[in-house]
Amino acid sequence: MADKTIPYKIYLSEDELPKNYYNMRADMKVKPAPLLNPGTHEPMTAEELEPVFCEELVQQELNDDDRLIPIPEEIQDFYKMYRPAPLVRAYCLEEKLQTPAKIYYKYEGNNTSGSHKLNSAIAQAYYAKKQGLKGVTTETGAGQWGTALSMACSYFDLDCQVYMVKVSYEQKIFRREVMRTYGASVTPSPSDTTNVGRQILAEHPGTTGSLGCAISEAVEAATSQEGYRYVLGSVLSQVLLHQSIIGLETKTAMDKYGITPDVIIGCCGGGSNLGGLIAPFMGEKLRGEKDYQFIAVEPASCPSLTRGQYVYDFCDTGRVCPLAKMYTLGSGFIPSSNHAGGLRYHGASTVISELYDQGYMDAVSYEQTEVFQAAEYFARCEGILPAPESSHAIKGAIEEALKCKETGEEKTILFGLTGTGYFDLTAYQQFNDGTMTDYIPTDEEIAAGLAGVPQFPGNEVK
């Protein structure tokens, strides 16, 4: 049995909660490439972005220079409803694995939305209300972002219109109903309610949808209604900024007990939770103060970092959004209907992509059934049923801990447990029944997706 001088759960006091977001871009010597206007291929200006996004959020999106961004008092007060989130020492998992590694996880499931997504949802809803808007539109994959945003909008009396990826709309009916309980309207995407949705349905009859499809519909809905703006739950730099409170809390808690992680692991779709967890640690690495190993874990069915190309691409399937330079599988890539809906995005954050391209982090991918095996193992050890997305980080942490068992190294491993899986029981049922399947896209399928990447000088797919 491990020496339990460190508490099972480390909590901060309200006074220790972050008062500022941390902007990793300020410490990056090579900044993420700017968003481009798809027509002119020139960097997007605030004036071009403001018809789609809230004004304050546009300023945050374009801010590469300020290391600290103050958190408004109203947002701090809301955070106190469910933060600080606990940092947990996984003693039971360590003992079960018989590893010399020390394993910690930051648990973000202790709120009604069930995930870390509320951290950015409440910030974006606040800025929309401050601007005097009527409401917002958005997309959601697994439904965690849609749930969080519907909760935040109900708090600020904003209308909330959610386009939910069709396969998740059908698989995750309970999360859909939580959104409706908070007053949101929920539409399966692609739908026949938007021009771009009808176009996608015509080109891909019977499609199960993707985050790229849902983004296109949500953007069209926002720009066609007066007093509405579009908000996004991942990918954008502003979202990683808001999620930095995860890492800031984690680092403060670890510093209190003299804990220094060697390996930091997060699941990665668009990059919001990974970027939030690693933020202050990556800042130290960027400034040359400390060194850490960072590992992004993605599904083998949608492997944008491990098999994608680092080029400018559309952020959405309907090609109505700006171009972002990111690791991408192509905006037309429709991933298989695996249960980690929050990771079924064709690209990765420009910040995460640039850091990965510079060699500041590693990336691995795992198949769905082995991820659920890790989820089951973790649930039986630690007593929490994890979300399918979070389970990718669990799988990565277990693999690193087993390496330590082989070598005898006493590494300290930190991973992000982004949310609960209690609305994902259909997925667990398939796993328990032995009917869950794996799918890895072929090279030809990925090449077909990348064939749609916009072609202009300097943006060739290799």
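Reader: What share of the contacts in the protein between residues at least 6 apart in sequence join residues at least 24 apart?

Author: In this predicted model, 77% of those contacts join residues at least 24 apart in sequence.

Reader: How much of the protein is made up of buried residues?

Author: Buried residues account for 64% of the 462 residues.

Reader: Why is Ala128 called buried?

Author: The cut-off for buried is under 20% relative accessible area. Ala128 has 0% relative accessibility, so it counts as buried. Ala128 belongs to helix 5 (residues 118-130). Leaving aside neighbours within four places in sequence, its contacts are Cys54, Leu133, Val136 and Leu158.

Reader: Why does Ser390 count as buried?

Author: The relative accessibility of Ser390 is 0%, therefore Ser390 counts as buried. Ser390 sits in helix 16 (residues 388-407). Beyond its neighbours within four places in sequence, Ser390 is in contact with Cys267, Leu417, Thr418 and Gly419.

Reader: Which residues have the most contacts inside the largest nonpolar core?

Author: They are Met24, Ile278, Leu305 and Met361, in a core of 38 residues. Helix 11 (237-256), helix 12 (272-286), strand 11 (293-299) and helix 14 (350-357) each give this core at least two residues. Helix 12 provides the largest share, 7 residues. Not counting residues up to four places away in sequence, Met24 touches Leu240, Gly275, Ile278, Ala279, Met282, Leu286, Val351 and Leu355. A second, separate core has 36 residues, including Tyr21, Ile71, Ala128 and Met151.

Reader: Why are helix 9 and helix 10 called roughly antiparallel?

Author: Helix 9 (residues 195-203) and helix 10 (residues 211-223) pack at an angle of about 150 degrees, with their axes 8 Å apart. Angles over 145 degrees count as roughly antiparallel, and therefore helix 9 is roughly antiparallel to helix 10. On the helix 9 side the contact is made by Asn195, Val196, Gly197 and Ile200; on the helix 10 side, by Cys213, Ser216, Glu217 and Glu220. These residues divide into 3 nonpolar, 3 polar and 2 charged.

Reader: What sets Gln98 and Val235 apart in their accessibility, buried or exposed?

Author: Exposed means over 50% relative accessible area and buried means under 20%. Gln98 has 54%, so it is exposed. Val235 has 10% relative accessibility, so it counts as buried. Gln98, which is not a glycine, has a positive phi of about 55 degrees. Phi of Val235, also a residue other than glycine, is positive and near 70 degrees. Gln98 is in the loop between helix 4 (91-97) and strand 5 (102-107), while Val235 is in the loop between strand 9 (228-230) and helix 11.

Reader: Where are the residues joined by a cis peptide bond to Arg83 and to Ser189?

Author: Arg83 is joined in this way to Pro84, with omega about 5 degrees. Pro84 lies in the loop between helix 3 (73-79) and strand 4 (87-89). Ser189 is joined to Pro190, with omega about 5 degrees. Pro190 lies in the loop between strand 8 (185-189) and helix 9.

Key. Residues numbered from 1 in each chain as written. Predicted model: local features only at pLDDT ≥ 70, side-chain atom pairs only at ≥ 80, totals over all residues. Heavy atoms only, no water. Axes fitted to C-alpha atoms, helices over the stretch in contact; angles between N-to-C directions. Helix = DSSP H or I, 4+ residues; strand = E, 2+ residues; numbered from the N terminus. Parallel < 35°, antiparallel > 145°, perpendicular 65-115°, else oblique. Contact = heavy atoms within 4.5 Å. Nonpolar A, V, L, I, M, F, W, Y, C, P; charged D, E, K, R; others polar. Buried < 20%, exposed > 50% of the residue type's maximum accessible area, 1.4 Å probe, protein only. Core = buried A, V, L, I, M, F, W, Y, C linked by side-chain atoms within 4.5 Å.
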